[in-house]
Amino acid sequence: MRKYSVAIVGATGAVGEKMLNIVEERGFLARSVRLLASERSAGSELKFQDELILVERLDRNSFSGIDFALFSAGAEVSRKYAPLAAAEGAIVIDNSSAFRMEEDVPLVVPEVNPQDLQNHKGIIANPNCSTIQMVVVLKPLYDYSRIKRIVVSTYQSVSGTGWKATKELQRQARAILDSRPAGRPEVYPVQIAFNLIPHIDVFDDKGYTK
């Protein structure tokens with residue numbers, strides 16, 4: 001049975017580490033796993049199948065020999081490196097917003113539209129996490145009676161922004177509960193502890209976000 005070479009971009013982030021865990025938990029037929037991250041995180045080690053794997057610095061030569069590249073390092077990184085990975089022959093599965101609105105990139109939730117995977121040109125996008133679980137529920141309703149429009153308000157967890165955001169929330173919450181100033185925000189433009197920020201990502205010309 002064929003085994004595959006897998007790369008995880010953003011491997012040291014909250015989502016990247018979960019991707020690595022799931023590859024192991026699901027028994028994915030991985031011949032090798034290449035962990036990629038920024039220069040700041042390169043040199044650290046992560047455990048996979050009872051072995052420690054060195055995290056490598058992401059660059060344009062990182063994808064030689066890779067069959068599948070899982071991206072979760074933000075839209076800017078995906079826009080720069082996902083096409084390079086695809087050009088090397090890897091199938092890119094991108095977790096960012098970079099390609100969600102691109103007409104020639106399939107936006108796929110396996111339980112809803114797996115047939116669209118056949119149309120990929122090297123890059124496959126997935127929706128935001130709240131959208132994924134919503135459309136799985138809506139698909140049977142849509143099949144029964146076409147849905148014309150959905151208006152949704154979601155409340156996103158800070159963990160979706162990564163470890164730095166989670167630590168900022170913890171730090172601010174501790175300070176406030178200790179009756180101390182929350183301190184200057186570093187990840188978000190305003191204090192996030194005990195607060196809501198009224199949008200996620202950026203608005204398009206129709207007033208929606210990605």
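1. The side of domain 1 that touches domain 2 is made up, by class, of one nonpolar, three polar and two charged residues. The model is predicted, and the values here should be read as computed from it.

2. The number of salt bridges between domain 1 and domain 2 is zero.

3. On where the domains are: the domain assignment of the chain places domain 1 at 4-98 and domain 2 at 153-209. Six residues from domain 1 and five residues from domain 2 take part in the contact. Computed between C-alpha centres is not meant here as an experiment; the computed separation of domain 1 and domain 2 is 26 Å.

4. How much area do domain 1 and domain 2 bury between them? The figure is about 350 Å², and 52% of it is on carbon and sulfur atoms. Within domain 1, the residues that lose the most area to domain 2 are Ala14, Arg40 and Ser97. Together they account for 70% of what the domain 1 side buries.

5. A separate point concerns Ser41, found in the loop between β2 (30-37) and β3 (45-48). Is Ser41 buried or exposed? Ser41 counts as buried because its relative accessibility is 17%, and buried means under 20%.

6. Ser41 is in contact with Thr12 and Val55, when its neighbours within four places in sequence are left aside. Ser41 and Gly13 are 28 residues apart in sequence, and their C-alpha atoms are 9.4 Å apart in space.

Note on methods:
Residues are numbered from 1 along each chain as its sequence is written. This is a predicted model: local features need pLDDT of at least 70, side-chain atom pairs count only at pLDDT 80 or more; totals for chains, interfaces and linings use all residues. Side-chain values use heavy atoms; hydrogens and water are left out. Domain bounds come from an automatic or database domain assignment. Contact means heavy atoms within 4.5 Å. Buried area is the accessible area (1.4 Å probe) that two parts lose on being put together, summed over both. A salt bridge is a side-chain nitrogen of Lys or Arg within 4 Å of a carboxyl oxygen of Asp or Glu. Ala, Val, Leu, Ile, Met, Phe, Trp, Tyr, Cys and Pro count as nonpolar, Asp, Glu, Lys and Arg as charged, and the others, Gly among them, as polar. Helices (H or I, at least four residues) and strands (E, at least two) are DSSP runs, numbered from the N terminus. Buried means under 20% relative accessible area, exposed over 50%, partly exposed in between (1.4 Å probe, protein chains only).
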